[in-house]
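I set out to record the fold, the surface and the charged contacts of this protein. My entries follow the structure.

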Amino acid sequence: MAQDLSEKELLRIEVEQLKKEVKNPRDPISKTGKEIKDYVEAQAGTDPLLKGIPEDKNPFKEKGTCVIS
């Protein structure tokens, strides 16, 4: 798609996108970083990647072995 547009059209699209982005509210990383850290720590107890999945509830565990004779 970008190859079909002239340089002027590409710049116009970029300016429109930047106008949309400038309207987004922004917070300092010192605030949002703390919020993300607190959220991750609060959810860590239920995170299957950290805690693991119990064998009886694991839908991907091997049901048996395959023997080719």
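**Entry 1: burial and surface.** I looked up burial and found that buried residues make up 3% of the 69 residues in the protein; buried means under 20% relative accessible area, exposed over 50%, and partly exposed in between, with a 1.4 Å probe and protein chains only. I note that this is a predicted model, in which local features need pLDDT of at least 70, side-chain atom pairs count only at pLDDT 80 or more, and totals for chains, interfaces and linings use all residues. Residues are numbered from 1 along each chain as its sequence is written, and side-chain values use heavy atoms, with hydrogens and water left out. The accessible surface comes to about 7,200 Å², computed by the Shrake-Rupley method with a 1.4 Å probe. Carbon and sulfur atoms account for 59% of that surface.

**Entry 2: fold.** I counted three helices and zero strands, where helices (H or I, at least four residues) and strands (E, at least two) are DSSP runs numbered from the N terminus. The radius of gyration is 25 Å, well over the 11 Å that the globule rule gives for 69 residues, so the protein is more spread out than a compact globule. That radius is taken over C-alpha atoms, and the rule is 2.2 Å times the number of residues to the power 0.38. Along its principal axes the C-alpha trace spans about 65 × 45 × 15 Å.

**Entry 3: salt bridges.** How many salt bridges does a search of the whole structure find? I recorded three, each being a side-chain nitrogen of Lys or Arg within 4 Å of a carboxyl oxygen of Asp or Glu.

- Arg-12 and Glu-16 meet at 3.0 Å, N to O. Both lie in helix 1 (residues 7–22), four residues apart, about one turn of the helix. Arg-12 is partly exposed at 45%, and Glu-16 is partly exposed at 38%.
- Asp-38 pairs with Lys-34, with the closest N and O atoms 3.0 Å apart. The two are four residues apart in helix 2 (residues 29–43), and therefore separated by about one helical turn. Asp-38 is partly exposed at 36%, whereas Lys-34 is exposed at 52%.
- Glu-41 pairs with Lys-37, with the closest N and O atoms 3.5 Å apart. These residues also stand four apart in helix 2, about one helical turn. Glu-41 is partly exposed at 49%, and Lys-37 is partly exposed at 49%.

**Entry 4: charge.** I found 13 positive and 14 negative side chains, with the centres of the two sets 5 Å apart. Lys and Arg count as positive and Asp and Glu as negative, while His and the chain ends are not counted. Each charge is placed at NZ of Lys, CZ of Arg, CG of Asp or CD of Glu.
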